[in-house]
Amino acid sequence: MGEQRVVVTGATGNVGRYVLEDLRERGVPVRAATPHPRGGAARFDWTDAATWRPAFEDASAVFVVRPPQLSDVARDMVPALDEARRLGVRRFVLLSLQGAERNPVVPHHKLERYLRATGDGWTFVRPSFFMQNLSTTHAADVRDHDRIIVPAGGGRTAFVDVRDVAAVAAAALADDAHAGRAYTPTGPDALTYDQVASVLSAELGRPVDYVRPSALQYWWHARRTGMPPAMALVTLGIYTTARLGLAAGLTGDVERVTGRPPRALARFAHDERAAWLR
């Protein structure tokens, strides 16, 4: 048997790339697993059985990231996880979703239930809303029109930087002490989108407004800007949760796991300001 490694699926994604970076800084042997590998990564596809053994052999732990296009996880992901367990993997850190344990509709709930049932060393990382959605999904609205268009009303959201989410996940992958635990990484503040717009305005030196569309108005805006229907529905649900006041809960999990406080939105905005420059 070769050197035991941690396998990072979704290694080129928003969170996975930082998990990979964090583990390497810790000196943990890692294997990046991605559908389109480069630079020594392993080719891995949840739905292609031929890619499973090369990715999982000699692995001690796996960072599990559900690709957004896979909704039937029992069919599309569990067989690969079964193969990982057959090859000796006994520690799984799942990138889940805030509140997934209470929401049987989301695929993450089903993955959590499966991993609990295995009796292996599972850890669930259930982050709140990513700050980086502002510099990716909503970047064009801010850059080109100085506006944020989401149907969140006056509800507050406990935004979290993906770098902090990744740090929690990497700690769980590197240390068995986190087995059997669930963490909900959040930022230090629960903010309204009016406050978010003020933070962006201060960073960019120009006014950014928060537009409060209805659910239908948001749907048509999302579709006009090219968002796929499935993603538009998911994001509509997320913003509705915020509007109803269900996304504001703060935790101390980032500091509890990493030993340092989570990044504030102003720090994120400064680091990502290039996304909104004209």
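Me: What should I know about the model before we start?
Reply: It's a predicted model: local features need pLDDT of at least 70, side-chain atom pairs count only at pLDDT 80 or more, and totals for chains, interfaces and linings use all residues. Residues are numbered from 1 along each chain as its sequence is written, and side-chain values use heavy atoms, with hydrogens and water left out.

Me: How do you know that β6 and β8 pair?
Reply: Two strands (DSSP E runs of at least two residues, numbered from the N terminus) pair if DSSP finds at least two bridges between them. β6 (residues 121-125) and β8 have three, in the parallel sense, so they pass. In β8, A182 is the bridge partner of F124.

Me: What makes β3 and β8 edge strands?
Reply: The open sheet runs β3-β2-β1-β4-β5-β6-β8, and β3 (42-43) and β8 (181-183) each pair on one side only.

Me: Why is E83–R86 called a salt bridge?
Reply: The term needs a side-chain nitrogen of Lys or Arg within 4 Å of a carboxyl oxygen of Asp or Glu. The closest N and O atoms of E83 and R86 are 3.0 Å apart, so the pair qualifies. The two sit three residues apart in helix α4 (residues 78-86), about one helical turn.

Me: Why is E83 called buried, but R86 exposed?
Reply: Buried means under 20% relative accessible area, exposed over 50%, partly exposed in between (1.4 Å probe, protein chains only). E83 has 16%, so it's buried; R86 has 56%, so R86 is exposed.

Definitions and conventions:
Helix = DSSP H or I, 4+ residues; strand = E, 2+ residues; numbered from the N terminus.
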